[in-house]
Amino acid sequence: MATSKEYYDFIMEQLSGIENVRSHKMMGEYIIYYKDKVIGGIYDDRFLVKLTKSARNLMPDAPLELPYENAKEMLLVKNVDDRQFLAVLLNAVVEELPEIKKKRLTYGSGNEEII
């Protein structure tokens, strides 16, 4: 079952007050980025975030769920109505994620660019 447009719109509206949040649609589901890092996603009408120590501390009773078959378990965010909580949660999760690796592009002429 893919995520409904209504649920996606609701979650994105809840996150709209947080700068640097974006999404990417992939196979009927949505990857959520914050500060260019993948922090979670919307899967089957569920908002899930990566399992980090701070996310677990903020949501000690949150169940671990699979976003899709053979994926890593993620935490189910139940408190999606509380925008302030979501902002605290996203900030906590993003701080624990590794820095984004720079990509090196090589062109046919042998020139390289790091992005």
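You are looking at a predicted model, in which local features need pLDDT of at least 70, side-chain atom pairs count only at pLDDT 80 or more, and totals for chains, interfaces and linings use all residues. Residues are numbered from 1 along each chain as its sequence is written, and side-chain values use heavy atoms, with hydrogens and water left out.

**Overall layout**

- The protein has three helices and eight strands; these are DSSP runs numbered from the N terminus, with helices being H or I of at least four residues and strands being E of at least two.
- Along the sequence, the elements follow the pattern α-β-β-β-β-α-β-β-α-β-β.
- Of the 115 residues, 40% are buried, where buried means under 20% relative accessible area, exposed means over 50%, and partly exposed lies in between (1.4 Å probe, protein chains only).
- The accessible surface comes to about 7,500 Å², and carbon and sulfur atoms hold 51% of it; the areas come from the Shrake-Rupley method with a 1.4 Å probe, and for residues only the protein chains shown count as cover.
- Among contacts with a separation of 6 or more, 48% join residues 24 or more positions apart; a contact means heavy atoms within 4.5 Å.

**The open sheet**

- Six strands make an open sheet in the order S1-S2-S3-S4-S6-S5, with antiparallel pairing; two strands pair if DSSP finds at least two bridges between them.
- S1 and S5 (64-65) are the edge strands, each pairing on one side only.
- S1 and S2 are joined in the antiparallel sense by six bridges; Val-21 has Tyr-34 of S2 as its bridge partner, while Arg-22 stands opposite Tyr-33.
- Five bridges link S2 and S3, again antiparallel; Tyr-30 is partnered with Ile-42 of S3, and Tyr-34 stands opposite Lys-37.
- S3 and S4 run antiparallel and share four bridges.

- In the hairpin of S3 and S4, with two residues between the strands, Asp-44 has a positive phi near 50°.

**Covered strands and a buried lysine**

- In S2, six of the six residues are buried.
- Glu-29, Ile-31 and Tyr-33 point one way from S2, and Tyr-30, Ile-32 and Tyr-34 point the other way.
- Six of the seven residues of S3 are buried, so this strand is largely enclosed by the rest of the structure.
- Lys-37 lies in S3 and counts as buried because its relative accessibility is 11%.
- The Lys-37 side chain reaches the backbone oxygen of Val-94 at 3.3 Å.
- Beyond its neighbours within four places in sequence, Lys-37 is in contact with Ile-32, Val-94, Leu-97, Pro-98, Glu-99 and Ile-100.

**Nonpolar cores**

- The largest nonpolar core has 27 residues, and those with the most contacts inside it are Leu-15, Ile-39, Phe-47, Val-49 and Val-77; such a core is a set of buried Ala, Val, Leu, Ile, Met, Phe, Trp, Tyr and Cys residues joined through side-chain atoms within 4.5 Å.
- Two or more residues of this core come from each of H1 (5-14), S2 (29-34), S3 (37-43), S4 (46-49) and H3 (83-96).
- H3 gives the most to this core, with six residues.
- Ile-39 touches residues including Phe-47, Val-49, Leu-90, Val-93 and Leu-97.

**Helix H3**

- The 14 residues of H3 should span 20 Å at 1.5 Å a residue, which agrees with the 21 Å between its end C-alpha atoms; the expected span is 1.5 Å times one less than the number of residues.
- Phe-85, Leu-86, Leu-89, Leu-90, Ala-92, Val-93 and Val-94 are the buried residues of H3.
- Their cover includes H1, S1 (21-26), S2, S3, S4 and H2 (53-58).
- At the start of H3, a side-chain oxygen of Asp-82 comes to within 3.1 Å of the backbone nitrogen of Gln-84.

Note on methods: Polar contact = N/O pair within 3.5 Å; in protein donor to acceptor, adjacent residues only side chain to side chain.
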